[in-house]
Amino acid sequence: MANVAVIGAQWGDEGKGKVVDWLASRADVVVRFQGGHNAGHTLVVGGQTYKLSLLPSGLVRGKLGIIGNGVVVDPNALLAEIGRVRAQGLTVTPETLRIAENAVLILPLHPALDKAREEARGATKIGTTGRGIGPAYEDKVARRAIRVGDLAEPATLSAKLDELLLHHNTLLQGFGVATFNKEELFDGLLKLAPQILPYAEPVWERLDELRRGGSRILFEGAQAVMLDVDHGTYPFVTSSNTVAATAASGSGVGPGAVGFVLGIAKAYTTRVGSGPFPTELHDATGRALGERGFEFGTVTGRPRRCGWFDAALVRQAIKVGGVQGLALTKLDVLDGLPELKICTGYRINGQLFRHLPAAPGAQAAAVPEYEVMEGWSGSSRGARSWADLPAQAVKYVRRIEELVEAPVTLLSTSPERDDTIMVKDPFEG
């Protein structure tokens, strides 16, 4: 049996939480490998709704959860999330959750800088969540970050805070906002240390042992390929690499251990925040998609922008993300629409493209080329086999497969975990 990596194939919010939860019942361990608490996964299990941002989704199924070194961790947000899910009846202890000792910490100064920058951008806002993700990754690559393991060394913490505050307080002063006091930050970290350190370990070693022992590992990505800092719609992206290759570097395993790569895409398209969105609908159909799909950000609560399925975008995400099979979600949201459109490419300044170019001006100018398909009058909601689907819904899925050049491996027809059609078991490779 192969390991499986799950990544988003659009701009995030594709329903990864449900798919990961569905797959986690067959895995032994679930690993978060990038991002922070700026991404949320919503799981609906037996009428209970869980909203997770940092915790691996497998914890809902009683599986071992691992937060890899590629994740930036806000310790206060993590402890608050652990408290919330414990109140819902989940067991989260150092026996069920492990955190990479070399994962970077988000400190209060990171969201302060994040928000100050976004405010200063004015009309050119990126749409960041303001939770300090970007500044924390900046400190990581600048080699001044405080990491989980540093909590065990007060002298290291003190020296690193000196360097951090020299940098961050200078920037905050330039933005005209309040600066931070070293002693308050230092005391706060010392108080957090005994609550965080029991979860810490070299997770690369545990993952190596699990893999050698034949355990099935599920790598859980956050955000999506088109938000990747290299391959997404830059600069309207997240601050980490979201492609499947990051599952290896972000958790401490070799690339051969990643296994089958499953990309998640909605049967239409959504986006939260700013940035190009060629197939966005500003009409009644766009509003209907948002209302039917309950399209609000799990973390931010912001309404998601909605539009037609963009096959050119998903094809691009599949190629650069290493996707081998597609999980198509929320097909039921399209029930009853008389006509459907699929974007097959873009017209930019008179030239036809089958991909979204890297230049921001070209991205903003992209006009979608559509293929029109007949909708279906029957219901796909709750379908658990191809035979349960309206014939035209099957045609729609098959056409998507042709255009994105990848097979649909899983098909989700409602938020409920078991309303899923499995075409191929991803764990079989």
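Q: How many residues of domain 1 are in contact with how many residues of domain 2?
A: 25 residues of domain 1 are in contact with 19 of domain 2, contact being heavy atoms within 4.5 Å. This is a predicted model, where local features need pLDDT of at least 70 and side-chain atom pairs count only at pLDDT 80 or more, while totals for chains, interfaces and linings use all residues. Residues are numbered from 1 along each chain as its sequence is written, and side-chain values use heavy atoms, with hydrogens and water left out.

Q: Where do the domains run?
A: Domain 1 is 4-102 + 199-262, domain 2 is 104-197 and domain 3 is 265-422. Those bounds come from an automatic or database domain assignment.

Q: Back to that interface: what area is buried between domain 1 and domain 2?
A: About 2000 Å², with carbon and sulfur atoms giving 63% of it. Buried area here is the accessible area (1.4 Å probe) that two parts lose on being put together, summed over both. In domain 1, His37, Val72 and Pro75 lose the most area to domain 2, together 25% of what that side buries.

Q: How many salt bridges and polar contacts between those two?
A: Zero salt bridges, a salt bridge being a side-chain nitrogen of Lys or Arg within 4 Å of a carboxyl oxygen of Asp or Glu. For polar contacts, the count is nine residue pairs, both residues at pLDDT 80 or more. A polar contact is a pair of N or O atoms within 3.5 Å; within protein, one must be able to donate a hydrogen and the other to accept it, and residues adjacent in sequence count only if both atoms are side-chain atoms.

Q: Which element gives the most to the domain 1 side?
A: Helix 2, with four residues. Strand 6 (72-73), helix 2 (75-87) and strand 7 (97-100) each supply at least two residues of that side. Helices (H or I, at least four residues) and strands (E, at least two) are DSSP runs, numbered from the N terminus.

Q: New topic. How many salt bridges does the structure hold?
A: The structure holds 26. Among them, Asp139 pairs with Arg144, the closest N and O atoms being 2.5 Å apart.

Q: Is Asp139 buried or exposed?
A: Buried, at a relative accessible area of 1%. Arg144 is buried too, at 13%. Buried means under 20% relative accessible area, exposed over 50%, and partly exposed in between (1.4 Å probe, protein chains only).

Q: What about Asp208, which residue forms a salt bridge with that one?
A: Arg211, with the closest N and O atoms 3.5 Å apart. Both lie in helix 7 (residues 203-212), three residues apart, about one turn of the helix. Asp208 counts as partly exposed at 27% relative accessibility, and Arg211 is partly exposed at 38%.

Q: And which residue does Glu405 form a salt bridge with?
A: Lys319, the closest N and O atoms being 2.9 Å apart. Glu405 sits in the loop between helix 12 (391-404) and strand 19 (408-412) and Lys319 in helix 10 (residues 311-321), so the pair ties together parts that are 86 residues apart in sequence.

Q: What else joins the side chain of Glu405?
A: A polar contact of 3.3 Å joins the side chains of Arg354 and Glu405. Arg354 lies in the loop between strand 17 (351-353) and helix 11 (360-365), and is partly exposed at 45%. Leaving aside neighbours within four places in sequence, Arg354 also touches Ala312, Arg315 and Leu403, among its contacts.

Q: Which residues are linked in a network of salt bridges?
A: Asp13, Lys266, Glu295, Arg304 and Lys330.

Q: Switching to helix 3: how many residues does that have?
A: Helix 3 (residues 109-121) has 13, reaching 19 Å from its first C-alpha to its last, close to the 18 Å expected at 1.5 Å a residue. That expected span is 1.5 Å times one less than the number of residues.

Q: What covers the buried residues of helix 3?
A: The cover includes strand 8 (104-105), helix 4 (133-141), helix 5 (154-175) and helix 6 (182-196). The buried residues of helix 3 include Leu109, Leu113 and Arg117.

Q: Where is Leu172 found?
A: In helix 5. Leu172 is buried, with a relative accessible area of 0%. Beyond its neighbours within four places in sequence, Leu172 has contacts including Ala112 and Leu113.
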